[in-house]
Amino acid sequence: MTRRGLVLGGGGVAGIAWETGIIAGLAQAGVDLLRADLIVGTSAGSTVAAQITSGLPLDELFRRQVDPAAQAPELAAVLDGDALLELFGNAGEQASDAGELRRRIGALALEAPTVTEAERRAVIAARLPSHTWPGRDLRVVAVDAYSGQERVFDKDSGIALVDAVAASCAVPGTWPPLTIGESRYIDGGIRSAENADLAAGCTHVLVLQVMEIPGNTDLDDQVSALRAEGAEVEIVRPDEASLEAMGPNLLDPAVREPAAKAGHEQGVRAAAALAALWG
């Protein structure tokens, strides 16, 4: 039996715009990703996952990226990729395994000066057309800042959708870890920028990868494992025009319009190649 999995990776507000554009462009060209049986969203991808399953038409979601008057309010921030890599590298040198690395990054996130949780949560709430979990298999990934363990939220977790997405989008050192119950959570990208392994059991998997991190083989390893189980897997990454449109700071709200438009054009062009996978 065919089971389609859509994996939406992290990548800031630029990634939200690009993924929205890709999905809308593919739909315009006849490839409907909303037919997915499972959607895995991490960080920016969790926002997109919640948006496209909200019931709001893709055309309207796309308009909310490209029309400045319709864009949700965002807090300006700088994502310094080199600084983050150095931060994670330093933590990694002191960690004996992946769990300890995530705990060390969580500790750094808990100590970092940021805006308040309430301010950040309000931004996430404004992004989402619906604050109710959809009645389908949507999984949102975050990491417990204390234990370093991943947490996969879904409609049966008893956690508000806004909280799940805010936790998944809590970039360490930039946004505050989000309090849920007795713990606080950070960006699901600390486990993996895509978490494609959570699509295990799907026969056809499409991964939208916004960021390629030098030296990181997480996605390659996850895709290899999926293929070993018999799944057909394709990865779509930003093309040259999309990379230029997104620019170096993926958290810059100003790039939403060009990134979404570039993604849309890329989606239209990519449709023919992806039609066989998606059926």
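This is a predicted model: local features need pLDDT of at least 70, side-chain atom pairs count only at pLDDT 80 or more; totals for chains, interfaces and linings use all residues.
Residues are numbered from 1 along each chain as its sequence is written, and side-chain values use heavy atoms, leaving out hydrogens and water.

Cys169 is buried, at a relative accessible area of 4%, and Cys202 is buried too, at 5%. Here buried means under 20% relative accessible area, exposed means over 50%, and partly exposed is in between (1.4 Å probe, protein chains only).

Next up is E3, a strand covering residues 137-144. Helices (H or I, at least four residues) and strands (E, at least two) are DSSP runs, numbered from the N terminus. Six of the eight residues in E3 are buried, so the strand is largely enclosed by the rest of the structure.

Which strands pair with E3? Two strands pair if DSSP finds at least two bridges between them. Strand E2 (residues 38-42) runs parallel to E3 over five bridges, with Val40 bridged to Arg139. Strand E4 (residues 150-153) is antiparallel to E3 over four bridges, and Val140 sits opposite Phe153. Five residues separate E3 and E4 in a hairpin, and Gly148 in the turn has a positive phi of about 80°. Strand E6 (residues 183-187) is antiparallel to E3 as well, over three bridges; there, Val143 has Ile186 as its bridge partner.

## The listed active site

UniProt, in an unreviewed entry, lists Ser43 and Asp187 under "active site". They are spread over 145 residues of sequence but cluster in space, with a largest C-alpha distance of 5.9 Å. UniProt positions use the numbering given here, feature names are shortened, and annotations may be inferred rather than shown by experiment.

Ser43 lies in the loop between E2 and helix H2 (44-52) and is buried at 7%. Leaving out residues up to four places away in sequence, Ser43 touches Gly10, Ser168, Cys169 and Asp187 (contact means heavy atoms within 4.5 Å). Asp187 belongs to strand E6 and is buried at 6% relative accessibility. Beyond its neighbours within four places in sequence, Asp187 has contacts including Ser43, Val143, Ser168 and Cys169.
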